[in-house]
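Hello,

Here is the structure I promised to pass on. Have a look at it, and then read my notes below.

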Amino acid sequence: MRYLTFALAKGRLAGDTMGRFAQVGITCDEMNEKSRKLIFVNENLKMKFFLSKASDVPTYVEYGAADIGVVGKDVILEEKKNLYEVLDLGFGKCRMVVAGSPAIKEKLSGGNNLRVATKYPNIAKNYFNHIKKQNVEIIKLNGSVELGPIVSLSDVIVDIVETGSTLKENNLIVLEEICSLSARLIVNKVSMNMENKRITEIMKALKGLEG
Ligand code: PRP
């Protein structure tokens, strides 16, 4: 049997992902050992696992370097890769929003040439240009996006809100909601054919956990 390879997003989703997998019998002891290994194997299950930067997970899956991936819907929307999104895993729930200081509210509804700082330029562009039909200047940042309006780099931000505490502590508010997000299971298109039985079984088992 060939190995089934999983690409998992590092960070917030990683713990929940292996937690859910454990509930359906997908485990990997090697992952719990302290080491500098990048790839972890469960020989009995013929499965391999690796953690990567969340934004790289769809790339590994699109090219077939991983058969299956777990990543947030935000990354899937942003990266626009050629793959199957097969299951909403129901955890990692949060929202993609436009946020800024309360004073910017009026400028947001009328104005063009608004400056938007974000880690998600494609999502921001799609929202403003196609949904709101508004021309904006997108400024790409790689983290701590809330700094944008605070240091006057941008008028607003497009970012993820989970608990809302980062916005609150920086005197920013949600101005508009773009979409809701959660962790998703993604599958390489060729793997879906070649390993259909194993992948379908995993999907069914994980689906049974929903709710
Ligand atoms: C995310 C997001 C917000 C924050 C929202 O950043 O970009 O900054 O979490 O969470 P909250 O609503 O629960 O406060 P993350 O911590 O992933 O790191 P980053 O700033 O490096 O992007």
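The C-alpha centres of domain 1 and domain 2 lie 29 Å apart. Domain 1 covers 4-92 + 182-207 and domain 2 covers 94-181, with bounds that come from an automatic or database domain assignment. Nine residues of domain 1 and ten residues of domain 2 take part in the contact between them, where contact means heavy atoms within 4.5 Å.

Before you go further: this is a predicted model, in which local features need pLDDT of at least 70, side-chain atom pairs count only at pLDDT 80 or more, and totals for chains, interfaces and linings use all residues. Residues are numbered from 1 along each chain as its sequence is written, and side-chain values use heavy atoms, with hydrogens and water left out.

Now the interface. The two domains bury about 800 Å² between them, 52% of it on carbon and sulfur atoms; buried area is the accessible area (1.4 Å probe) that two parts lose on being put together, summed over both. On the domain 1 side, D74, L77 and E78 lose the most area to domain 2, together 60% of what that side buries.

There is one salt bridge between the domains, the term being a side-chain nitrogen of Lys or Arg within 4 Å of a carboxyl oxygen of Asp or Glu. The side chains of R12 and E162 also form a salt bridge, at 2.3 Å from N to O.

An oxygen atom of the ligand is 2.6 Å from an N or O atom in the side chain of E146. For E162, a polar backbone atom is 2.8 Å from an oxygen atom of the ligand.

Best wishes

How values were computed:
A polar contact is a pair of N or O atoms within 3.5 Å; within protein, one must be able to donate a hydrogen and the other to accept it, and residues adjacent in sequence count only if both atoms are side-chain atoms.
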